[in-house]
Amino acid sequence: MINNKYTIINKAKKMSIFFTFTLLSPIVVASELVSVQGLITYPSAWMSGSLGVGKAENNSLQSLDGISPSFKLMVGYDVNRYLGMYSSYDFIDSILKDKSINIFSLGFKGNLPVFDMWSVFGKVGISYLNGNTNSYNVSGSVGLGVEYKITNSISTKIGYDYYQNIDLIKSNVGLNKIYWGMIYRFGQVSLPIIKSQQIEIVNTTISDISDISVLTRKNYIISFPTGQSILDYDDKYILAELLTVMHNFPEVIAKITGRADATGNALINDEISKARSLSAYRYLISHGISSDRLVREWLSDSSPIDNNSPKNSELERSVQIVLY
């Protein structure tokens, strides 16, 4: 019995060393990336790996003083910032004395942003258990956790899962699991972080900017359909004119302001104005404009261009770009 216990402990140590190295490797990759807060592109496919421990409600089924090491793999697809789907595989070692169990789950995942880098998530799903013991059954599962974003592509998370009424050796028990892991999101854009800085404008710069008034306007407005933030052909035509000016006058700075009309609620308006400013910002970056020359903000519907605009004004569903 003692030998079995030491064998299990050694296996747990080996699992921990291997998977800790695997899970920490994305952090090394992340050191070569930079991102802007809140710029994750949706829909978003992702995958994650996690280490944890499992504990059944019936202690007689367990080893390691009631706690068994575990490993979790997950893949998912987030439709938007708040709702997605997931599928997961859990391996829990030696929870049935010298036998392990495998759990396959499928369900929905909700996400609630708390701060720029932090969010809380919840899961609800159906799980299928292969107990490696002739017991196969389906149970409900729920989960809660916290996620911290390192870059647009890489996050770390801590979570808790509960599997209800798992049939283990003719006994229905609940299974608790706590885990820590890393998440990788596919197809995310890594962009330079915008840093606020003081800009000294010399006399020659002022002279150059005065010449702009002869060449073209200094105020550009791009309008969007309700609920949309994707640039269309007409928007890119306007931005092409702006790009010509910025390439010809490298001292010029552009301030990008995203706005929304007053038809949506505060949370939706904040998100859509943020996404609109990001679309213009990304377009200018992708066409050779340095991030040092761009200042980005989003105002929701709190600061309209025209205070007399109607509630659903096309003028306010816009990005305003001002050169200075």
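Glu-147 and Arg-185 are both buried, where buried means under 20% relative accessible area, exposed means over 50%, and partly exposed is in between (1.4 Å probe, protein chains only). Their side chains meet in a salt bridge, 3.6 Å from N to O; the term stands for a side-chain nitrogen of Lys or Arg within 4 Å of a carboxyl oxygen of Asp or Glu. This pair links distant parts of the chain, with Glu-147 in strand β6 (residues 136-149) and Arg-185 in strand β8, 38 residues apart.

Please keep in mind that this is a predicted model, in which local features need pLDDT of at least 70 and side-chain atom pairs count only at pLDDT 80 or more, while totals for chains, interfaces and linings use all residues. Residues are numbered from 1 along each chain as its sequence is written, and side-chain values use heavy atoms, with hydrogens and water left out.

**The chain as a whole**

- The protein chain holds 4 helices and 12 strands; helices (H or I, at least four residues) and strands (E, at least two) are DSSP runs, numbered from the N terminus.
- Of its 324 residues, 43% count as buried.
- Among contacts (heavy atoms within 4.5 Å) with a separation of 6 or more, 66% come from residues 24 or more positions apart.

**Salt bridges**

- The count of salt bridges comes to 9.
- Asp-90 has a salt bridge with Lys-72, and their closest N and O atoms are 2.9 Å apart.
- Asp-90 lies in strand β3 (residues 83-96) and Lys-72 in strand β2 (residues 68-78), so this pair ties together parts that are 18 residues apart in sequence.
- Both of these residues, Asp-90 and Lys-72, are buried.
- Asp-90 also meets Lys-177 in a salt bridge, at 2.6 Å from N to O.
- Here the partners again come from distant parts of the chain: Lys-177 is in strand β8 (residues 172-185) and Asp-90 in strand β3, 87 residues apart.
- Lys-177 counts as buried because its relative accessibility is 0%, and Asp-90 counts as buried because its relative accessibility is 0%.

**Strand β12 and its partners**

- Strand β12 (residues 318-323) is mostly covered, with 5 of its 6 residues buried.
- Strand β9 (residues 219-223) runs antiparallel to β12 and is joined to it by 5 bridges; two strands pair if DSSP finds at least two bridges between them.
- Ser-223 has Ser-318 as its bridge partner in β12.
- Strand β10 (residues 254-258) also pairs with β12 in the antiparallel sense, over 5 bridges, and Lys-255 has Val-322 as its bridge partner there.

**Nonpolar cores and a surface patch**

- The largest nonpolar core has 23 residues, and Ile-256, Leu-284, Leu-294, Ile-321 and Leu-323 touch the most other members; such a core is a set of buried Ala, Val, Leu, Ile, Met, Phe, Trp, Tyr and Cys residues joined through side-chain atoms within 4.5 Å.
- The elements giving two or more residues to this core are β9, α3 (233-248), β10, α4 (266-286) and β12.
- Apart from this core lies another, of 7 residues, including Ala-56, Ile-92, Ile-101 and Tyr-163.
- Beyond its neighbours within four places in sequence, Ile-256 has contacts that include Leu-284, Leu-294, Val-319 and Ile-321.
- Tyr-77, Val-79, Tyr-82, Leu-83, Met-85, Phe-108, Val-124, Val-142 and Leu-267 make a nonpolar surface patch of about 820 Å².
- Patches are made of residues with over 30% relative accessible area and no salt bridge, with like charges joined within 9 Å and nonpolar side chains (Val, Leu, Ile, Met, Phe, Trp, Tyr) within 5 Å.
- Leu-267, one of the patch residues, has its place in helix α4.

**Two residues to look at**

- Ser-300 has a positive phi of about 55° although it is not a glycine; most residues other than glycine have a negative phi.
- Ser-300 sits in the loop between β11 (294-298) and β12, and is buried with a relative accessible area of 10%.
- Asp-235 belongs to helix α3 and is buried, with a relative accessible area of 5%.
- Not counting residues up to four places away in sequence, Asp-235 touches Ile-222, Ser-223, Phe-224 and Ile-230.
- Asp-235 and Ser-223 are 12 residues apart in sequence and 7.8 Å apart in space, C-alpha to C-alpha.

Notes
Areas by Shrake-Rupley, 256 points an atom, 1.4 Å probe, with all protein chains shown as cover.
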